[in-house]
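Q: Could we go through this model together? I would like to ask about particular residues and then about how the chains meet.

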Amino acid sequence: MSVYPYIVAGWIMVVGFFGIARSRNLVHLILCVSVVQSATYVLLLAIGFRDHATAPIFQGVAPTARAVDPVVQSLTLTDVVVEATVVALLLALAVDAVKRFGTLDPQDLRALKG
Amino acid sequence: MAVAPLAIVVPILAACLLIAGGKHVPRRLADLVALGAAAATAVLCAILLGRVWHGHLEVYWFGGWHPRPHGIALGIDLAVEPIGAGAATLAAVLMTAALLYSQRYFEAVAPFFHGLMLVFLAGMVGFALSGDLFNMFVFFELMSVPAYALTGYKVEERGPLQGALGFAITNSLGAFLTLSGIALLYGPTGALNLAQIGASLAGHHPDALVIVAFVLVITGFLVKAAAVPFHFWLADAHATAPVPVCVLFSGIMVQLGLLGVARVYWTVFSGQPALHAPALVHTLLALGVVTALVGGVMAFLERHLKRLLAFSTISHTGMFLAGIALLHAHGTAGVALFVAAHGLTKGALFMVIGITSHRLGSVDEVELHGRGRGLWATGSLFIVGALALASLPPFGAFAGKSLIEEAASGRGFHWIAPVFVLGSALAAGAILRAGLGIFLGLGEARPPAMEQEAEAETETPETKGSVSRTPAVMLVPATLLLAGGLALGLIPHIDAAFERAAVRFQDRAAYAAQVLHGHATALPSAHVTSGPATSSYLYGAAAVIGAVAFALAALYLPRVRGRVTVLSRAGTGAARLMRAWHSGHIGDYATWLAVGVVILGWSLGAAIP
């Protein structure tokens, strides 16, 4: 098991944060949120990975066969469901932002300040 | 019997029924079903609280998946102890009151409003009771997503849209950091159960990875708890969410973030040698104190009543965080009592603002000045609530705060009590200023700090209809909540009960023994406390006097002061800087979040032996 997946996960997270901070378009910004979340997928799968192991499906394989950790895979699935909910809600808000503000630029959303 | 899972299932089932029924459910029926489900949840949570009140711990394993011998937990559990059960009860009580209140508050309400509120409640109850770290994350998301949707409920307006976007993005980022932390903990320990991760870390040698995991996990919870510099979303979300939703946000949701921090620290990390206790105490204490002061100052600079209350919530949350940071049973007990009293009082204050906007059609302090003279019942609730928040002895907030002060001086932090006085005086002084100006017509319409800030808040009133009378269903819940918040401090030996709960909450070994091995340990002995010290009464009185002084100064000083002094110019400049810092821009909020993580990690990591 190498250290690369962890570096990749960290990199994806930093890039996502950077994108959110610099974004000039709400749709781009929301996709950056899901980029940050992708970092958690990579991290979770990396943690459950084992060298020379199969998928954790024990049909036609000896129950003692080496398999990757199924727990993190189910955590990742839950995480995907959470992301779908959050991104759907955010995109719906972005649609309304275009209707009300006539723009997708977060810098022009200026109803609240101070 | 299995009461704990029922407290989560009942609101979810009712929500499913209401959402499936959709437009076919008449408004009255939807009100009744939602109210019934929330009240039933409150009763279930109160039963749980009654069972564990004396410091017991009740564990429920889903599907009967009890731990294997030698304490290997494969199943998922709810672990009910007094503080978690108390938080769940507070959430359900506030939800019941808010639903009662919203019967008249909203004229037209879509059926999914009730559904969202009930799912929100289920998420909060589950979060408070969960004994499993990953389930804490799931319930955290379950309470967050309905909260985003409820903030943007009036999505046809600009403010709510922006408030919901900022809230959803910052809190989601926080939740992802929490999840990364959970993953990093699962790596070395192979466990997700709080007790089991704790047991496994307690044997480990000091480890930098654990610090990183701790920082990531608590960051998500601190975003929810609105600690500086993660606090920006809170004021935007509160200013724009409907009033019944604000009751829940300020009253319990924000404080659940702190429950998360305290829960993972005590059950998981308190046995790990790498997490250097003095560094943790200083870091969290600094965050708490800065949050208390920033919240107080921002509340004082605000004229939009809902934002004003939101900043006062930030200020109080800072005090709660400081109390938890002391890592002392007195402090934790004080925070629990303070949170309960604050939740009830702040809920009542939001309802009063809702009534004011219902009757007078505005939430702007300057516009409302002197127009509330006829509303004596509403006005007296508002002013009593402000004084109670300033920790007027001997009521609930005072009882909680005095316990925290005791813990602080016991740990040698004698400067905390005066800082708390300043924070409460600022936040409560702002509320009092608004109350005295609106309901008694005292002083000048425009307090000095806001002269430059005549931004026009275009906001349609949330309510319509009878403006000649305040409906009883709006006034009664507010009165009951406020009375509850006051009464908490008058119950004899309440501090001993909270103390016992706190000792139980902080006992990692006893928690693990019962969750993993089923061994119930001896109950913590009840401390006989002598009640608040004389110095606490003095601090309480000082905060109340300070609040009154700040309020009167803001109302009357502009009349006295003839010319612009250097001091006042510097003050206005600083005020403008503070307000500019809260820019409303999502990119800035994300940047501050990243900065906050780095600060937390650096200050905790620097202490690795």
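**Contacts, loops and interface**

A: Leaving out residues up to four places away in sequence, Met351(B) touches Ala97(B), Ala98(B), Tyr101(B), Val243(B), Val247(B), Pro477(B), Ala478(B) and Leu481(B), where contact means heavy atoms within 4.5 Å. This is a predicted model, in which local features need pLDDT of at least 70 and side-chain atom pairs count only at pLDDT 80 or more, while totals for chains, interfaces and linings use all residues. Residues are numbered from 1 along each chain as its sequence is written, chains are lettered from A and ligands numbered from 1 in the order in which they are written, and side-chain values use heavy atoms, with hydrogens and water left out.

Q: Where does Met351(B) lie, and is Met351(B) buried or exposed?
A: Met351(B) belongs to helix H13 (residues 329-360) of chain B; helices are DSSP runs of H or I with at least four residues, numbered from the N terminus. Met351(B) counts as buried because its relative accessibility is 0%. The cut-offs are under 20% relative accessible area for buried, over 50% for exposed and in between for partly exposed, with a 1.4 Å probe and protein chains only.

Q: Changing topic, which residues are joined by a cis peptide bond?
A: Val228(B) and Pro229(B) are joined by one, with omega about 5°, and Pro393(B) and Pro394(B) by another, with omega about 0°. Pro229(B) is in the loop between helix H8 (208-224) and H9 of chain B. Pro394(B) is in the loop between helix H15 (376-389) and helix H16 (396-410) of chain B.

Q: What is phi of Ser391(B)?
A: Phi of Ser391(B) is near 65°, a positive value in a residue other than glycine. Ser391(B) is in the loop between H15 and H16 of chain B, and it counts as buried because its relative accessibility is 1%.

Q: Now the interface: how many residues of chain B are in contact with chain A?
A: In chain B, 47 residues are in contact with 37 residues of chain A. The two chains bury about 3,800 Å² between them, 77% of it on carbon and sulfur atoms; buried area is the accessible area (1.4 Å probe) that two parts lose on being put together, summed over both.

Q: How many salt bridges are counted between chain B and chain A?
A: The count is 0 salt bridges between chain B and chain A, a salt bridge being a side-chain nitrogen of Lys or Arg within 4 Å of a carboxyl oxygen of Asp or Glu. Between chain B and chain A, 1 residue pair is in polar contact, both at pLDDT 80 or more.

Q: Which helix gives the largest share of the side of chain B that touches chain A?
A: H6(B) gives the largest share, 19 residues.

Notes: Polar contact = N/O pair within 3.5 Å; in protein donor to acceptor, adjacent residues only side chain to side chain. Helix = DSSP H or I, 4+ residues; strand = E, 2+ residues; numbered from the N terminus.
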